[in-house]
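Q: Could you walk me through reading a few features of this model? I'd like the general idea first, then the case at hand.

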Amino acid sequence: MKSDMPLPGDDVRQADVVTEVRREEALLKAGALQIAILNSANFSSIATDANGVIQIFNVGAERMLGYAAAEVVNKITPAEISDPWEIIVRAKALSQELEATIAPGFEALVFKASRGIEDIYELTYIRKDGSRFPAVVSVTALRDAQDAIIGYLLIGTDNTARKQAEEALLKAGALQSAIFNSANFSSIATDAKGVIQIFNVGAERMLGYTAAEVMNKITPADISDPQEVIARAKALSIELGTTIAPGFEALVFKASRGIEDIYELTYIRKDGSRFPAVVSITALRDAQDAIIGYLLIGTDNTARKQIEAEQKRLDRRLRDQQFYTRSLIESHIDALVITDPLGIITDTNKQMEALTGCTRDELIGAPFKNYFTDPERAEAVIKLALRKKRVTDYELTVRALDGKTTAVSYNATTFYDRDRLSQGVFAAARDVTERQLHQQALQKTNVELEIAKSAAEKANLAKSDFLSSMSHELRSPLNAILGFAQLMESSSPLPTESQKESIAQILQSGWHLLKLIDEILDLAVVEAGKVTLSPEPVSLAEVMSECQAMLEPDAQHRGIRMSFPRFDKPMFVSADRTRLKQVVINLLSNAIKYNKVKGTIVVEYSLSTPERTRISVRDTGAGLSPEKVAQLFQSFNRLGQAEAGGVAGTGIGLVVTKRLVELMGGVLGAESTVGEGSVFWFELLSISAPQLGVEAAESATRDKTPPPIVVPLHTLLYVEDNQANMKLVEHIIARRPDMRLLTAVNGLLGIEAARTARPTVILMDINLPGISGVEAMEILRKDPATTHIPIIALSANANPRDIDMGLKKGFFRYLTKPLKIKEFMATLNAALEVREGQSTVAQ
């Protein structure tokens with residue numbers, strides 16, 4: 001008799017059956033998710049065997065690369081559809097990074113993945129038609145149950161899987177791991193009701209939740225901006241003509257209807273912070289095409305949003321700048337034209353439209369020369385402006401569309417971008433018809449002006465002669481004034497504070513007056529055409545060093561730091577050495593005078609061309625406007641004195657400097673920016689370093705004779721006809737116990753005294769009654785009894801050419817009046833050293 005009672009073990013078997021059914025349902029559900037991911041056309045999925053030969057080439061790959069799967073499967077590797085140069089570069093980089101030799105090719109694409117290292121990189125894919133596109137590729141090694149590599153999976157930015165690859169990748173058991181282990185994309189898969197079932201590493205990284213905190217608990221709508229979800233529901237309801245409830249349905253409604261859907265959304269992280277994301281949604285379907293869930297793949301859109309915001313800001317600034325520029329151009333009373341370097345019009349204003357009878361659109365893009373009666377001359381003004389940087393009063397005749405002609409005068413200048421590259425020419429035309437109507441009257445006036453000019457030139461020559469004479473006459477009394485003031489400054493007993501202040505005022509005013517006299521004399525010599533030059537190879541390093549030593553105290557007094565270039569090799573220019581020093585000193589003096597307190601001065605040199613050397617002096621002063629820069633080189637122009645705190649001057653220093661540079665075959669210019677400072681530069685002809693003679697080399701290395709221990713009594717013979725100057729030197733020598741003074745009032749008496757007394761040193765004035773100091777010096781040089789005596793010139797003839805000529809004639813040194821006591825003492829000591837050296841040799 002059969003029993004209805006359950007047999008032992010039946011309950012266990014029933015439980016096993018239930019467990020097996022549930023396991024199969026889970027597998028089917030996971031498989032459906034993977035199939036949906038493979039079928040997405042948003043990502044390229046390429047699977048290879050262990051050797052790199054493509055085995056699977058999904059729909060996304062076909063769409064992105066233009067190949068059919070049959071064209072690549074079992075035929076090529078992914079390296080053959082990648083940029084070959086990038087693969088070579090990647091192989092080299094990985095070889096250095098991992099300290100292994102990696103061959104260019106497929107190995108370079110999968111080397112890290114083959115070593116178990118997560119690898120995501122940028123690569124350029126090449127389509128079938130030869131076009132290229134950048135891709136972000138994630139590479140994963142595919143392994144079997146024994147963990148041996150059986151192939152590789154390369155997932156690009158489009159993550160759709162090809163249906164044909166489904167079974168192979170599912171069997172390999174690697175697809176789900178490769179996709180959901182990527183940290184670059186958030187992959188969130190839900191069931192049909194929207195409850196999260198899969199929450200990958202990328203989602204965890206972006207949103208701050210762990211998978212356990214959200215899976216089977218919330219929907220993607222719960223981590224999305226609620227206001228955006230509501231707004232999306234309203235918009236879709238209107239677009240699709242149906243009521244869509246705010247919530248998860250609003251996120252997946254299109255995908256549930258088979259419509260590909262990619263949209264922007266704000267995700268909310270676990271910590272409450274927000275970030276913009278681009279989300280792609282795909283419905284997950286089973287074998288019967290029923291929806292079993294949804295896949296949401298997102299990328300962080302923060303960087304793009306920031307770029308878009310910055311671009312909008314820049315676009316707004318550009319529009320504002322364009323509006324401002326347009327307003328400036330249109331408000332100008334002249335007819336304005338802007339051209340590129342080839343003379344093609346790029347912009348204009350209404351005044352130019354009225355002048356030509358053409359619209360702005362007709363003018364832009366047309367050659368500038370087309371609107372003038374003489375096209376060649378019109379074309380020439382553009383070329384002239386590009387070459388000279390500025391053109392003024394260039395007359396042309398405009399021919400309008402109706403044939404009407406108008407005489408105009410053009411002022412043109414070049415303009416540059418922020419890299420100082422020429423962008424074209426800015427030209428302004430003004431109607432000068434009335435001026436041409438008076439041409440005959442102007443011609444008559446010109447004749448009269450020529451007559452007046454001739455008379456002015458004669459007067460100018462007379463003025464120059466007068467100034468030269470006055471300079472000499474003023475120096476003699478200044479010599480006494482400044483000399484005695486210097487003596488008083490260091491006299492014993494020392495002067496009182498009040499006396500010191502008065503003496504300082506005398507010295508300051510006296511030296512300033514001397515500088516003014518020098519500048520006026522220089523201008524007189526230049527304007528009279530009496531400048532003679534002796535071009536020679538001049539070492540820039542030596543000139544810079546000497547000028548720095550002369551002006552460093554003035555700069556330090558105002559707290560100004562001067563920087564001079566270092567010369568790694570000898571640099572020579574063709575110049576008159578004395579005049580070159582004068583040019584550099586003038587530019588440095590101005591840079592100190594008009595600089596701000598505690599400013600900087602930078603002296604630089606460069607080769608402007610292979611044949612020319614440019615020397616520039618840059619300061620940090622107040623700077624000048626372009627209008628003032630244009631007036632800098634006009635005589636007696638005192639621009640910049642207000643900015644320099646009312647610094648006094650004649651306003652002729654730059655004029656003389658410019659003309660001296662031009663006389664040496666060079667060019668001088670200036671650039672200035674208000675609030676930043678100025679740069680003054682000049683260019684001279686470069687020459688190769690001259691060969692130094694053997695004599696010069698031996699002289700440079702010859703050891704100096706050590707000074708004697710006992711100082712003998714010396715005699716100074718001073719030949720001078722001015723009693724004040726003689727008295728000054730007498731007071732100075734009185735302070736030297738080692739020296740006595742002899743005097744003579746003319747050249748002949750001086751020669752007689754020198755032959756009789758055989759002085760140690762002779763101090764000789766130049767402009768003496770009877771024979772000149774130069775003639776007296778030459779007579780003494782020819783006399784064996786006096787030829788060895790050092791003769792020092794002391795003269796009011798302070799022209800650099802006079803100084804050079806005196807030294808060449810045979811003077812030991814050439815001092816100028818007013819006398820500087822320290823300089824005078826140093827010169828005497830140098831002359832005494834020479835005499836002592838002569839005595840040692842004689843012994």
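A: Strands here are DSSP E runs of at least two residues, helices are H or I runs of at least four, and both are numbered from the N terminus. Two strands pair if DSSP finds at least two bridges between them. This is a predicted model, where local features need pLDDT of at least 70, side-chain atom pairs count only at pLDDT 80 or more, and totals for chains, interfaces and linings use all residues. Residues are numbered from 1 along each chain as its sequence is written, and side-chain values use heavy atoms, with hydrogens and water left out.

Q: Which residue in S15 does Ile338 stand opposite?

A: Strands of a sheet pair through backbone hydrogen bonds, either parallel or antiparallel. Here Ile338 faces Phe426 in S15. Their strands, S11 (residues 335-339) and S15 (residues 422-431), share five bridges in the antiparallel sense.

Q: In what order do the five strands of the open sheet come?

A: Read across, the order is S12-S11-S15-S14-S13, with antiparallel pairing. Strands S12 (345-348) and S13 (390-399) sit at the edges, each pairing on one side only.

Q: Which strands does helix H15 lie across?

A: For angles, axes are lines fitted to C-alpha atoms (for helices, over the stretch in contact, meaning heavy atoms within 4.5 Å), and values run from 0 to 180 degrees between N-to-C directions. Helix H15 (residues 375-388) lies across S11, S13, S14 (405-416) and S15, at about 165° to S13. Helix H12 (residues 302-331) lies across S11 and S12 instead, running at about 75° to S12.

Q: Why is helix H5 largely enclosed?

A: Buried means under 20% relative accessible area, with a 1.4 Å probe and protein chains only. Eight of the nine residues of H5 (residues 106-114) are buried, so the rest of the structure largely encloses this helix. Among them are Phe106, Leu109 and Phe111. They pack against S1 (45-49), H4 (84-98), S3 (119-126), S4 (132-143) and S5 (149-155). Just past H5, Gly116 has a positive phi of about 80°.

Q: Which strand gives the most to the lining of the second largest pocket?

A: On a 1 Å grid over the protein atoms alone, a pocket is an open set of points with protein on both sides within 12 Å along at least five of seven lines, and lining residues have an atom within 4 Å of a point. S21 (667-673) gives the most, with seven residues. Of the 35 lining residues, the closest to the centre are Lys389, Pro626, Val629, Ala670 and Glu671.

Key: Buried means under 20% relative accessible area, exposed over 50%, partly exposed in between (1.4 Å probe, protein chains only). On a 1 Å grid over the protein atoms alone, a cavity is a set of points where a 1.4 Å probe fits but cannot get out, and a pocket is an open set with protein on both sides within 12 Å along at least five of seven lines; lining residues have an atom within 4 Å of a point.
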